[in-house]
Amino acid sequence: MKGIVFASAFLLATLGFAQQQGQPPPPTPPYSTPPTFPEGRQSRRQQMPPDQEPQPSQRLSTAQVQQQIQQGLNSEPALANTNVSVKTDESSVTLTGTVDTERQHDLAVRIAQSNAGDRKVVDKIKIRQQT
């Protein structure tokens with residue numbers, strides 16, 4: 001008798017679950033995300049009075065860029081036992097030296113690229129041959 005009651009309860013639970021599976025998903029909310037830049041608004045530049053024009057962004061000096069890149073290389077633990085140096089001029093950043101792995105090489109180049117601004121990164125880093 002207990003088996004019949006258990007089987008009946010199991011069958012009812014299975015049928016109830018199957019009916020829930022066949023129902024369509026609830027409708028989407030009636031609202032939508034507002035636009036990030038609503039149309040009809042003037043840009044910030046147009047809203048500023050003429051005597052308060054925004055200042056052009058300051059380009060970092062050659063020494064500042066070189067210092068930022070060198071600090072980035074020195075502060076990266078994965079580059080602790082490498083020999084990478086940086087030279088900058090007005091149009092480029094040159095990386096020289098040696099690293100142990102391709103991963104270290106790629107990391108050093110990414111650090112330079114992220115701090116170089118509009119300067120070209122010249123990669124002269126050598127990867128030591130693993131034997």
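Gln104 touches Ala78, Leu79, Thr82 and Val99, leaving out residues up to four places away in sequence; contact here means heavy atoms within 4.5 Å. Gln104 sits in helix H4, and at 10% relative accessibility it counts as buried (buried is under 20% relative accessible area, exposed over 50%, partly exposed in between, with a 1.4 Å probe and protein chains only). A polar atom of the Gln104 side chain lies 2.9 Å from the backbone oxygen of Ala78. For reference, a polar contact is a pair of N or O atoms within 3.5 Å; within protein, one must be able to donate a hydrogen and the other to accept it, and residues adjacent in sequence count only if both atoms are side-chain atoms.

All of this comes from a predicted model, where local features need pLDDT of at least 70, side-chain atom pairs count only at pLDDT 80 or more, and totals for chains, interfaces and linings use all residues. Residues are numbered from 1 along each chain as its sequence is written, and side-chain values use heavy atoms, with hydrogens and water left out.

Zooming out, the chain has 4 helices and 3 strands, following the pattern α-α-α-β-β-α-β along the sequence. Helices (H or I, at least four residues) and strands (E, at least two) are DSSP runs, numbered from the N terminus. Of the 131 residues in the chain, 20% are buried. Among contacts between residues at least 6 apart in sequence, 59% join residues at least 24 apart.

The 3 strands form an open sheet with mixed pairing, in the order S1-S2-S3; two strands pair if DSSP finds at least two bridges between them. S1 and strand S3 (120-127) are the edge strands, each pairing on one side only. From one strand to the next, the twist averages 10°. A hairpin links S1 to S2 through 3 residues, and these two strands pair in the antiparallel sense over 6 bridges, with Val86 opposite Leu95 in S2.

H3 packs on it, touching S1 and S2, and its direction makes about 165° with that of S1. H4 lies across S2 and S3 and runs at about 160° to S3. Axes are lines fitted to C-alpha atoms, for helices over the stretch in contact, and angles run from 0 to 180 degrees between N-to-C directions. Together, S2, H4 and S3 make a right-handed β-α-β unit; right-handed means that, with the strands pointing away from the viewer, the path from the first strand over the helix to the second runs clockwise.

The largest nonpolar core has 16 residues, and Ile69, Leu73 and Leu95 have the most contacts inside it. Such a core is a set of buried Ala, Val, Leu, Ile, Met, Phe, Trp, Tyr and Cys residues joined through side-chain atoms within 4.5 Å. Helix H3 (62-75), strand S1 (83-88), strand S2 (92-99) and helix H4 (102-115) each give two or more residues to this core, and H4 supplies the largest share, 5 residues. Leaving aside neighbours within four places in sequence, Ile69 is in contact with Val86, Val93, Leu95, Ile111, Ala112, Asn115 and Ala116.
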